[in-house]
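Please open the model in your viewer and keep the sequence panel at hand.

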Amino acid sequence: NILLNLYLYKYQLSDKADTFLDAQKGVATALTQQLSIIKGELWYKMSFGLPLYDKISKKIEMDIAILQIINDYEDVREILKFDSYINGHAYNCTAEIQSIYGPLTISI
């Protein structure tokens with residue numbers, strides 16, 4: 001038999017800091033995390049994420065995947081503006097979003 005021990009130490013911060021995000025910052029952070037998931041990465045939802053390993057022939061296919069993730073997020077009311085471009089092999093986009101907490105901008 002193998003004996004495993006778990007030790008819990010009190011977490012201490014020398015400087016007080018906010019560790020909780022709310023309103024627009026919370027929505028922006030959650031969307032950024034969701035847009036960082038590669039399709040097939042989540043074992044419980046294999047179809048979710050960006051199709052980075054799929055053979056994508058057009059920028060519009062990546063735009064559609066990103067817009068779908070943003071629109072499906074529960075705190076998003078609408079996408080106000082969406083710009084994307086490809087620089088070499090790098091895809092970049094900026095989205096201005098109206099959330100239930102107010103407007104915000106995310107970039108990837």
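A nonpolar core, as the term is used here, is a set of buried Ala, Val, Leu, Ile, Met, Phe, Trp, Tyr and Cys residues joined through side-chain atoms within 4.5 Å. The model on display is predicted.

Begin with the whole chain in cartoon view. Two helices and three strands are present, and their order from the N terminus is α-α-β-β-β. Of the 108 residues, 28% count as buried. Among contacts with a separation of 6 or more, 34% join residues 24 or more positions apart.

Next, select L31, L35, L50, I66, I70, I97 and I106. These residues have the most contacts inside the largest nonpolar core, which has 22 residues. Colouring by element shows that α1 (23-34), α2 (59-72), β2 (90-99) and β3 (102-107) each supply at least two residues of this core. The largest share, five residues, comes from α2.

Now centre the view on I106. Which residues does I106 touch, leaving aside those up to four places away in sequence? They are A28, L31, T32, L35, I70, C93, T94, A95 and I97.

The accessible surface comes to about 8800 Å², of which carbon and sulfur atoms hold 52%.

Finally, select S47, G49, A65, Q68 and I69, which lie nearest the centre of the largest pocket. The lining of this pocket comprises 14 residues: five nonpolar, three polar and six charged. The space within the largest pocket is about 240 Å³.

Methods
Residues numbered from 1 in each chain as written. Predicted model: local features only at pLDDT ≥ 70, side-chain atom pairs only at ≥ 80, totals over all residues. Heavy atoms only, no water. Helix = DSSP H or I, 4+ residues; strand = E, 2+ residues; numbered from the N terminus. Buried < 20%, exposed > 50% of the residue type's maximum accessible area, 1.4 Å probe, protein only. Contact = heavy atoms within 4.5 Å. Areas by Shrake-Rupley, 256 points an atom, 1.4 Å probe, with all protein chains shown as cover. 1 Å grid on protein atoms, 1.4 Å probe; cavity = no way out; pocket = protein on both sides within 12 Å on 5 of 7 lines; lining within 4 Å. Points joined across faces, edges and corners; volume = space filled by probe spheres on them. Nonpolar A, V, L, I, M, F, W, Y, C, P; charged D, E, K, R; others polar.
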